[in-house]
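Thanks for making time this morning. I would like to walk through one model with you, going from the whole chain to a single residue and back out to the sheets.

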Amino acid sequence: VKGALEKLLPMCHRMNTLDGIRELHKQQLEQQAHVLASSGYRIIALATGDVSIQENHGLYLEHLHDLTLLGMVALIDPLRSEAAGAIQACHDAGIQVAMVTGDHPTTAFAIGQELKLIKSPEQIVTGPQMKAASNRDDLDRMIPGARVFARVEPQQKLHIVQALQRHGHFVAVSGDGANDAPALRAAQVGVAMGKQGTDVARESAQLIITDDNFASIV
């Protein structure tokens with residue numbers, strides 16, 4: 001199984017090391033992940049285990065327990081050299097820019113700082129925070145001031161667009177996946193990626209960028 005470290009750790013009871021199977025050192029693993037995420041890396045945890053399921057009943061998250069953590073993989077998707085300049089051009093023109101990602105907040109903060117979108121982690125709104133909001137008014141207070149959204153679920157992209165529109169913003173959204181389609185359709189301008197984008201995203205958008213480059217949108 002692979003996934004976010006914070007999701008997999010509760011499922012694991014031990015870890016595989018160079019010296020064999022050892023007790024799970026949760027705090028040490030979380031610290032290592034934090035150091036990597038602070039440098040802009042995306043972290044994927046890997047674990048293994050035997051699962052017993054009844055025939056024709058399928059595999060569900062509740063079946064995943066008593067696993068052995070194999071390790072973490074750190075990936076980095078380097079920013080394009082022109083990205084920061086494109087965002088500055090938006091700011092100079094009075095256009096506000098927000099980054100919406102499924103990445104860990106620490107990773108999102110490192111990238112957001114590099115792009116000069118935010119200065120402190122307190123400026124990040126997370127998917128769990130949005131989920132904890134009890135009503136639409138809470139979302140409307142939380143969303144418009146944020147410039148980085150992390151650990152966001154697909155449906156929450158639509159909530160972000162709608163909250164900004166309720167505040168009177170004219171919203172453009174870029175996306176490439178089928179999960180982006182509701183937000184692309186709801187925005188005043190939906191911008192799909194032409195190279196890596198899915199057919200659903202392109203059909204939901206008003207504008208298609210052939211080089212998948214934010215600077216081209218600007």
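Predicted model: local features only at pLDDT ≥ 70, side-chain atom pairs only at ≥ 80, totals over all residues.

Among contacts in the protein chain between residues at least 6 apart in sequence, 52% join residues at least 24 apart, where contact means heavy atoms within 4.5 Å. Residues are numbered from 1 along each chain as its sequence is written, and side-chain values use heavy atoms, with hydrogens and water left out.

The protein chain has 10 helices and 11 strands; these are DSSP runs numbered from the N terminus, helices being H or I of at least four residues and strands being E of at least two. Of its 218 residues, 37% count as buried, and here buried means under 20% relative accessible area, exposed over 50%, and partly exposed in between, with a 1.4 Å probe and protein chains only. Along its principal axes, the C-alpha trace spans about 55 × 40 × 40 Å.

Not counting residues up to four places away in sequence, Met130 touches Val125, Leu139, Met142, Ile143, Phe149, Gln156, His159 and Ile160.

Which residues of helix 7 are buried? They are Gln156, Leu158, Ile160, Val161, Ala163 and Leu164, and what covers them includes strand 6 (99-100), helix 5 (127-132), helix 6 (136-142), strand 8 (148-150), strand 9 (172-175) and helix 8. Just after helix 7, Gly168 takes a positive phi of about 90°.

Gln156 deserves a moment of its own. This residue lies in helix 7, which runs over residues 154-166, and Gln156 counts as buried because its relative accessibility is 5%. Leaving aside neighbours within four places in sequence, Gln156 is in contact with Gly127, Met130, Lys131 and Arg151. A polar atom of the Gln156 side chain lies 2.9 Å from the backbone oxygen of Gly127. The C-alpha atoms of Gln156 and Pro182, 26 residues apart along the chain, are separated by 9.9 Å.

Next come the sheets. Strands of a sheet pair through backbone hydrogen bonds, either parallel or antiparallel, and pairing is assigned if DSSP finds at least two bridges between two strands. Three strands form an open sheet in the order 6-8-7, with parallel pairing, and its edge strands are strand 6 and strand 7 (124-126), each of which pairs on one side only. Three bridges join strand 7 to strand 8, and Ile124 stands opposite Val148 in strand 8. Helix 4 (residues 105-114) packs on this sheet, touching strand 6, strand 7 and strand 8, and its direction makes about 155° with that of strand 8; axes are lines fitted to C-alpha atoms, for helices over the stretch in contact, and angles run from 0 to 180 degrees between N-to-C directions.

The antiparallel pairs lie elsewhere in my notes. Seven bridges join strand 4 to strand 5 (residues 67-75), which run antiparallel, and the bridge partner of Ala47 in strand 5 is Leu69. Strand 1 (residues 2-3) also pairs with strand 4 in the antiparallel sense, over two bridges, with Lys2 opposite Leu46. Strand 4 (residues 42-48) has a covered face of Ile43, Ala45 and Ala47, and an uncovered one of Arg42, Ile44, Leu46 and Thr48. Strand 2 (residues 12-17) and strand 3 (residues 20-23) pair in the antiparallel sense over four bridges, and a hairpin joins them through two residues.

Finally, the cysteines: Cys12 counts as buried because its relative accessibility is 4%, and Cys90 is buried as well, with a relative accessible area of 5%. A search of the whole structure finds zero disulfides, a disulfide being a pair of cysteine sulfur atoms within 2.5 Å.

Methods
Polar contact = N/O pair within 3.5 Å; in protein donor to acceptor, adjacent residues only side chain to side chain.
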